[in-house]
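Welcome, and thanks for taking a look at this one with us. Please have the sequence and the 3D view open as you read.

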Amino acid sequence: MGDSNTESRLAPDCGLYLVGHAPQTESTGYGRTDWSRMEIPFECKAKTSDDPFDDRTEDGEPNSEKRKHSLGQLLSYSELLLQNQQRTFHYAVVFLGTHARIIRIDRSGVLATDRFDYVDEESKLTDFLQIYSQLDPDQRGHDTS
């Protein structure tokens, strides 16, 4: 469910929060998206054709409407996260069937890993999440100034 504190009501498929910061309700145990506390948004797509990046192009920019829509969705999430937190950058993860990309987004651009099969190469995602969990707030993109 979307964040009731934002006009857009957009919500990723899943979000990573620090322990004790995940929104909750008594009835379901899960609360609405809270962009002011989310660490990493996760988006799930059924097929690699929904990949927001196109490896066949020199700059990775999408050509198809499905890919452009996926990229726009990720950038909308990023805008909400950066508007609601003092951040210099943040990470996002997009799942594409059995593949994934880890994405770093700041106010000047987007960097994404090559698409990888997280079933066959599970250590890429688990290593990233383990390392991320050990970083200081400024290393996770929080503006601590």
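Here is a short tour of the fold, the nonpolar cores, one histidine and the salt bridges.

This is a predicted model. Its protein chain has two helices and six strands, which run β-β-α-β-β-β-β-α from the N terminus on.

**Overall picture**

- Of the 145 residues in the protein chain, 39% count as buried.
- The accessible surface of the protein chain comes to about 8600 Å², and carbon and sulfur atoms account for 48% of that.
- Among contacts between residues at least 6 apart in sequence, 52% join residues at least 24 apart.

**Nonpolar cores**

- The largest nonpolar core has 12 residues, including Ile 40, Tyr 91, Val 93, Ile 102 and Phe 128.
- Strands β2 (38–45), β3 and β4 (99–106) and helix α2 (122–133) are the elements that give two or more residues to this core, and β3 provides the largest share, with four.
- Phe 128 touches Ile 40, Tyr 91, Val 93, Ile 102 and Ser 123, leaving aside residues up to four places away in sequence.
- Apart from this core lies another, of eight residues, among them Phe 53, Leu 74, Val 94 and Ile 103.

**A closer look at His 90**

- His 90 lies in strand β3 (residues 89–96) and is buried, with a relative accessible area of 0%.
- The side chains of His 90 and Ser 78 are joined by a polar contact of 2.9 Å.
- Beyond residues up to four places away in sequence, the residues that His 90 touches include Glu 39, Pro 41, Leu 81, Leu 82 and Arg 104.

**Salt bridges**

- The structure holds 10 salt bridges.
- Arg 115 and Asp 51 meet through their side chains in one of them, at 3.0 Å from N to O. Arg 115 lies in the loop between β5 (109–112) and β6 (116–117) and Asp 51 in the loop between β2 and α1 (65–84), so this pair ties together parts that are 64 residues apart in sequence.
- Asp 51 counts as buried at 0% relative accessibility, whereas Arg 115 is partly exposed at 31%.
- Glu 65 and Lys 68 also form a salt bridge, with their closest N and O atoms 4.0 Å apart; both residues lie in helix α1, three residues apart, about one turn of the helix.
- Glu 65 is exposed, with a relative accessible area of 61%, while Lys 68 counts as partly exposed at 40%.
- Salt bridges that share partners join Asp 51, Arg 101 and Arg 115 into one network.

Technical notes
Residues are numbered from 1 along each chain as its sequence is written. This is a predicted model: local features need pLDDT of at least 70, side-chain atom pairs count only at pLDDT 80 or more; totals for chains, interfaces and linings use all residues. Side-chain values use heavy atoms; hydrogens and water are left out. Buried means under 20% relative accessible area, exposed over 50%, partly exposed in between (1.4 Å probe, protein chains only). A polar contact is a pair of N or O atoms within 3.5 Å; within protein, one must be able to donate a hydrogen and the other to accept it, and residues adjacent in sequence count only if both atoms are side-chain atoms. Contact means heavy atoms within 4.5 Å. A nonpolar core is a set of buried Ala, Val, Leu, Ile, Met, Phe, Trp, Tyr and Cys residues joined through side-chain atoms within 4.5 Å. Accessible areas come from the Shrake-Rupley method with a 1.4 Å probe; for residues, only the protein chains shown count as cover.
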